[in-house]
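Visitor: I have a structure to look at and some questions to ask. Could we take them one at a time?

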Amino acid sequence: MQLDASSVSETSWLHPSEWDILVLSTVIKVLLFPAYRSTDFEVHRNWLAITHSLPISQWYYDTSSQWTLDYPPFFAYFEKILSIPASVIDPRIVDLNNLNYDSWSIILFQRTTVIITELVLGAALLKFIRGAVDQPTQRIISASLFLHPGFLIIDHIHFQYNGFMFGILLWSILMARNGNKLASGILFAVLLNFKHIYMYLAPAYFIYLLRSFCLWPSGQIEIKNFLALANAVIAIFIASLAPFALMGQIHQLMSRLFPFTRGLNHAYWAPNAWALITAADRVLLKYAKSTGQNFHINMAGVSSTSRGLVGDTVFAVLPNIKPLHTFTITIALQSIVLIKLWFHPTYKSFLTALTLCGYSSYLFGWHVHEKAVLLILVPLSLLAAERHAYFRTFVIATVAGVFSLFPLLFTPAESVIEVIYSIVWFALLYIPLSKRVYEFPKSLSYVILDVLEKLYLGGFIFLQIFVASFPVYASWNSRRKIEEPGNLNTSDSSAMEFLPLMVTSVYCAIGMVWGFMRLIFIYLNEDTTYQGQLSTIQ
């Protein structure tokens with residue numbers, strides 16, 4: 001990822017090294033066309049069928065498949081547009097009754113649409129380079145984001161359209177950097193109507209735009225700007241929701257977007273604070289059973305390791321966590337950050353607060369998916385080269401966050417690909433960036449902290465060995481027990497199947513929590529008037 005540092009003029013389209021990255025990434029993604037596909041692949045095929053075959057009045061009511069439409073209207077309109085060429089290429093793609101269709105026509109079509117729509121991300125990253133003070137460094141960061149393992153794993157193997165939507169987010173952030181705050185707010189409003197998970201970032205946008213665009217420094221309202229932003233955002237939501245409001249379907253739409261019956265944890269625990277709490281509850285339960293300690297044990301929680309897909313997560317020893325608890329903690333942590341943003345509404349302060357809002361929601365939110373880690377890793381990448389403290393935080397969060405995505409791919413070939421690709425990507429990013437931001441340790445405490453963090457990062461090597469070898473051990477142990485005369489009990493082996501996921505989640509959660517603590521400490525204790533080397537407007 002060490003690229004040619006020569007300057008590229010605004011009139012140039014692509015630097016030769018940028019062409020190389022585009023061609024390389026496209027080749028890799030095309031070679032992955034036959035790779036493993038998750039159920040999300042069928043989810044999106046079914047959404048093509050729903051939006052093509054049914055009138056808009058039935059989009060959010062259809063239950064012909066378990067993969068019902070549960071994204072906001074702009075994404076439904078997006079699927080409707082994609083369904084037009086899909087129906088021409090192969091009419092069976094948009095057949096509502098043709099469930100689990102997996103011919104090469106649908107594979108080629110859907111995989112290709114991910115690559116094409118991801119160019120929205122690529123275009124935004126190029127604009128970041130063109131307007132940066134330190135273009136060589138920004139070129140490294142932009143290249144790393146376009147080639148990010150998170151996008152490769154989630155979009156191009158597992159299957160989703162995150163690259164496209166994060167492209168919209170980065171265009172919005174770019175507009176904020178360039179001082180076009182009205183456009184920034186408009187693009188974020190559009191993004192919210194594509195995927196509502198970006199609500200995690202909304203508080204930072206609200207405070208930043210209100211304080212820096214709608215109010216004078218004296219605190220008086222700037223009527224013209226306020227009305228321009230308010231009217232634009234309202235118009236976007238009207239364009240998105242009006243058809244469903246006119247049909248009286250807002251309640252049905254909201255029930256699809258916010259299914260509150262889901263539990264605290266997803267089926268695979270996202271590596272957040274609740275993963276640590278849930279693991280602690282499992283350990284305490286095991287301890288109580290083995291020692292006979294007189295704990296008050298909730299029997300409903302004994303068999304509830306994680307029922308995040310359909311029910312609630314019930315603890316056996318610790319008090320149960322309710323949605324109100326997660327909401328209160330998240331808002332409290334975000335408020336600490338937003339107070340500083342209010343008094344220091346610079347671009348860099350906004351970008352850091354934006355990252356921390358996503359971080360807080362990820363660590364303490366209700367039913368967080370592991371894929372939501374991109375809400376942290378993408379904006380944090382833009383801060384990586386500001387100075388060494390940010391870079392170290394970026395390294396810890398990135399390694400833990402990317403590793404936490406590995407369980408999404410459980411087939412042998414794809415598991416090897418994701419590990420090798422991530423290692424190469426990280427090495428090509430770490431080596432040039434670390435040279436640019438290195439700072440000599442200022443005290444013994446800094447040296448000790450650096451050693452401890454490196455030991456933690458080194459632990460991922462052993463974690464990967466454990467995860468890769470455990471199925472072999474479990475299979476051997478299961479066969480051994482079956483061959484034992486009179487031993488028909490295999491419950492212990494089946495109960496241990498979840499162990500690699502739990503260990504991965506807990507170990508990654510330690511890094512994610514530490515990364516959050518580092519970042520919020522840095523933000524609250526630094527002078528936000530610092531002129532970042534990558535930003536043209538602070």
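Visitor: In which helix is the place of Leu452?

Guide: Keep in mind that this is a predicted model. Helices here are numbered from the N terminus. The one spanning residues 444-483 holds Leu452, and that is helix H19.

Visitor: Is Leu452 buried or exposed?

Guide: Exposed means over 50% relative accessible area. Leu452 has 51% relative accessibility, so Leu452 counts as exposed.

Visitor: Which residue of helix H21 pairs its ring with Phe460?

Guide: Planes over 60 degrees apart count as edge-to-face. Here the planes of Phe460 and Tyr507 stand at 80°, with ring centres 5.0 Å apart, so the pair is edge-to-face. Phe460 lies in helix H19 and its partner in helix H21, so parts 47 residues apart in sequence are tied together. The partner in H21 is Tyr507.

Visitor: Is Phe460 buried or exposed?

Guide: The cut-off for buried is under 20% relative accessible area. Phe460 has a relative accessible area of 6%, so Phe460 is buried.

Visitor: How many residues apart in sequence are the parts tied together by Glu453 and Arg518?

Guide: Glu453 and Arg518 form a salt bridge, with their closest N and O atoms 2.5 Å apart. Glu453 lies in helix H19, while Arg518 lies in helix H21. The pair therefore ties together parts whose separation in sequence is 65 residues.

Visitor: How many salt bridges does a search of the whole structure find?

Guide: One of the pairs is Asp90 with Arg92, at 3.2 Å between the closest N and O atoms. Glu370 and Lys371 also meet in a salt bridge, at 3.6 Å from N to O, and both are buried. Over the whole structure, the search finds 13.

Visitor: Is the aromatic pair of Phe391 and Phe394 tilted, stacked or edge-to-face?

Guide: The structure holds 33 aromatic pairs. In this one the ring centres are 6.4 Å apart, with 35° between the planes. Stacked needs under 30 degrees and edge-to-face over 60. The pair is therefore tilted.

Visitor: Which helix holds both Phe391 and Phe394?

Guide: The two residues are both buried. They sit three residues apart, about one turn of the helix. The helix covers residues 388-403, and its name is H17.

Visitor: Over the ring of which residue does the charged end of Lys340 sit?

Guide: A charge sits over a ring only within 6 Å of the ring centre. For Lys340 the distance is 5.1 Å, and the ring belongs to Tyr523.

Visitor: How many residues of helix H7 are buried?

Guide: Helix H7 runs over residues 149-159. Its buried residues include Asp155, His156 and His158. H7 is largely enclosed by the rest of the structure, because the buried count is 11 of the 11.

Visitor: To what number does the count of disulfides come?

Guide: A disulfide is a covalent bond between the sulfur atoms of two cysteines. Cys214 is buried, at 4% relative accessible area. Cys357 counts as buried too, at 0%. The disulfide count comes to zero.

Methods. Residues are numbered from 1 along each chain as its sequence is written. This is a predicted model: local features need pLDDT of at least 70, side-chain atom pairs count only at pLDDT 80 or more; totals for chains, interfaces and linings use all residues. Side-chain values use heavy atoms; hydrogens and water are left out. Helices (H or I, at least four residues) and strands (E, at least two) are DSSP runs, numbered from the N terminus. Buried means under 20% relative accessible area, exposed over 50%, partly exposed in between (1.4 Å probe, protein chains only). A disulfide is a pair of cysteine sulfur atoms within 2.5 Å. Rings of Phe, Tyr and Trp (its six-membered ring) pair if their centres lie within 6.5 Å; planes under 30 degrees apart count as stacked, over 60 as edge-to-face and the rest as tilted. A charge sits over a ring if NZ of Lys or CZ of Arg is within 6 Å of the ring centre and within 35 degrees of the ring normal. A salt bridge is a side-chain nitrogen of Lys or Arg within 4 Å of a carboxyl oxygen of Asp or Glu.
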